[in-house]
Amino acid sequence: TFKGNFMKRVLITGASSGIGYELAKIYAENGHDLVIVARNRDKLGMLQKEIFEEISKNIKVTVIENDLSREKAAERLYNQIKSSNLKIDTLVNNAGAGIYGRFSEFDEEMMKRNDAMINLNIKAVVELTRLFLDDMIKDGRGEILNVSSVAAFMPGPLMSTYYASKAFVQSFTEAVREEMKNDVRTKNIKICALCPGPTATEFEKSSNLEESSLFERMKVMSAKKVAEIGYKEFQKGKMIIIPGIFNRIAVFGTRFFSRKFVVRIARKIQEKKKDS
């Protein structure tokens, strides 16, 4: 938290469900105003109502409908926020998508979804980080939380581009953090990566992951638990936040095995459920 009783305005992308939804409620409970962004305005409206009725009537919640998988969507979002004179103190790049299946078998339709996923998972994260970081440097303070994944630490057969997109987010976040470390202009700005493992959200459904045995074989955490740990560790400024002991062991273990072994294990975890 910032020195003194500094109340932040927090921008959360992908706030209509899952981790983003839970993080929005935690920030509201801690007295911060919110700008919540997602494709589904109705769900955002429900979250706004929930915060108003159950948490506080004094929290300002701005709802913005925006599909960040579209070209130039990040820029549009930034301009909309600027023209509304909303100053963002904390940026949470949470929106993300995945695709399950063999990359070699992607048809035209799957490739369209794949492009949209890359726009959402990579381009939007990079663009929003750059745009808001500029403002944070002018203010001399700010926070950015990029939601990565334990998938960032290994290749992911049957979800090859999703895993690769999270590896990008991870690498990008760590590198930008290092660049900012000894710079007087950025010393009060922190950037961290939240790396959840399998989490009970709508992601499983939207990524076609019901076919995969990933959620049967791995320990699944609730989105609320991930958000609580993420929030707490982010306040401490931890570079890499991995909720759950099992997930930390899995990531730690990748350092000691050959890439060949890791990629084989990742494939086994992702393979289709056996028909019973």
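**Exercise 1.** Find which residues of α1 and α2 meet in this predicted model, and describe how the two helices cross.

*Solution.* Step 1: list the contacts. From α1 come Tyr21, Ala24, Lys25, Ala28 and Glu29, and their partners in α2 are Leu47, Glu50, Ile51 and Ile55.
Step 1: sort the residues by class. The α1–α2 contact holds 6 nonpolar and 3 charged residues, with no polar ones.
Step 2: describe the geometry. The axes of α1 and α2 (residues 41–55) come within 11 Å and cross at roughly 35°. The crossing of α1 past α2 is right-handed.

**Exercise 2.** Determine how α1 packs on α8 and which residues take part.

*Solution.* Step 1: take the axes. Helix α1 (residues 18–29) and helix α8 (residues 223–235) have axes 8 Å apart, at an angle of about 55°. That angle makes α1 oblique to α8.
Step 1: assign the hand. α1 passes α8 in a right-handed crossing.
Step 2: list the contacts. Gly18, Ile19, Glu22, Leu23, Ile26 and Tyr27 of α1 meet α8 residues Ala223, Lys224, Val226, Ala227, Glu228, Tyr231, Phe234 and Gln235.

**Exercise 3.** Locate the largest cavity and describe its lining.

*Solution.* Step 1: count. The whole structure has 1 cavity of 30 Å³ or more, and the largest cavity contains about 30 Å³ of space.
Step 1: name the lining. Thr13, Leu68, Asn93, Asn94, Ala95, Leu120, Ala124 and Val125 line the largest cavity.
Step 2: assign it. Helix α4 (residues 108–139) gives the largest share of this lining, 3 residues. The lining has 5 nonpolar and 3 polar residues, and no charged ones.

Technical notes. Residues are numbered from 1 along each chain as its sequence is written. This is a predicted model: local features need pLDDT of at least 70, side-chain atom pairs count only at pLDDT 80 or more; totals for chains, interfaces and linings use all residues. Side-chain values use heavy atoms; hydrogens and water are left out. Axes are lines fitted to C-alpha atoms, for helices over the stretch in contact, and angles run from 0 to 180 degrees between N-to-C directions. Helices (H or I, at least four residues) and strands (E, at least two) are DSSP runs, numbered from the N terminus. Angles under 35 degrees count as roughly parallel, over 145 as roughly antiparallel, 65 to 115 as roughly perpendicular and the rest as oblique. A crossing is left-handed if the near helix is turned anticlockwise from the far one by less than a right angle, and right-handed if clockwise. Contact means heavy atoms within 4.5 Å. Ala, Val, Leu, Ile, Met, Phe, Trp, Tyr, Cys and Pro count as nonpolar, Asp, Glu, Lys and Arg as charged, and the others, Gly among them, as polar. On a 1 Å grid over the protein atoms alone, a cavity is a set of points where a 1.4 Å probe fits but cannot get out, and a pocket is an open set with protein on both sides within 12 Å along at least five of seven lines; lining residues have an atom within 4 Å of a point. Grid points are joined across faces, edges and corners, and a volume is the space filled by probe spheres set on the points.
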